[in-house]
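User: I'd like to learn how to read a model like this one. Could you walk me through it?

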Amino acid sequence: DASGALTGGTDADGQFTGAAGLAHLLAGSADVRTCFARQWTMYAMAKTLDDGECALGGITSAFANGQETISDLMIAVVRSKSFVVRFVPRT
């Protein structure tokens with residue numbers, strides 16, 4: 001039996017059958033797209049980002065709404081000021 005259900009309290013909740021069904025359910029979720037964009041951005045920048053950080057909001061919003069592809073997301077990250085300019089605290 002390859003059926004299942006997601007019940008985490010997000011817009012990805014629902015029933016699915018098989019891996020393709022799960023992938024379809026997750027791909028249609030703005031919550032999942034936002035999480036993916038956030039995690040990829042933090043990985044690319046090699047740092048943890050706060051929810052209110054400017055770089056995060058601009059980069060993730062269009063991707064979360066389904067307006068951009070993963071390639072668009074990657075380009076947006078590497079073109080962001082937060083990626084290009086690194087601030088090093090003085091000691």
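Predicted model: local features only at pLDDT ≥ 70, side-chain atom pairs only at ≥ 80, totals over all residues.

User: What does the secondary structure of the protein come to?

Analyst: Helices (H or I, at least four residues) and strands (E, at least two) are DSSP runs, numbered from the N terminus. Here you get five helices and two strands, in the order β-β-α-α-α-α-α from the N terminus. The radius of gyration is 16 Å, well over the 12 Å that the globule rule gives for 91 residues, so the protein is more spread out than a compact globule. That radius is taken over C-alpha atoms, and the rule is 2.2 Å times the number of residues to the power 0.38. The C-alpha trace spans about 60 × 25 × 20 Å along its principal axes.

User: How much of the protein is buried?

Analyst: Buried means under 20% relative accessible area, exposed over 50%, and partly exposed in between (1.4 Å probe, protein chains only). Buried residues are 24% of the 91 here.

User: Which residues make up the largest nonpolar core?

Analyst: A nonpolar core is a set of buried Ala, Val, Leu, Ile, Met, Phe, Trp, Tyr and Cys residues joined through side-chain atoms within 4.5 Å. The largest has eight: A37, M42, M45, L49, I59, F63, L73 and V77. Two or more residues come from each of α2 (30-45), α3 (54-64) and α4, and α2 gives the most, with three.

User: And which residues form a nonpolar patch on the surface?

Analyst: Patches take residues with over 30% relative accessible area and no salt bridge, joining like charges within 9 Å and nonpolar side chains (Val, Leu, Ile, Met, Phe, Trp, Tyr) within 5 Å. A salt bridge puts a side-chain nitrogen of Lys or Arg within 4 Å of a carboxyl oxygen of Asp or Glu. In this model F36, I70 and M74 form such a patch, with about 240 Å² of accessible area together; areas come from the Shrake-Rupley method with a 1.4 Å probe, and for residues only the protein chains shown count as cover. I70 sits in helix α4 (residues 70-79) and is partly exposed, at 42%.

User: Which residues does L26 touch, leaving out those up to four places away in sequence?

Analyst: Contact means heavy atoms within 4.5 Å. L26, in helix α1 (residues 18-27), touches L6, A12 and V32 by that count. L26 is partly exposed at 30% relative accessibility.

User: Where is D13 placed?

Analyst: D13 is in the loop between β1 (3-6) and β2 (14-17). Leaving out residues up to four places away in sequence, D13 touches L6, T7, G8 and L25.

Methods: Residues numbered from 1 in each chain as written. Heavy atoms only, no water.
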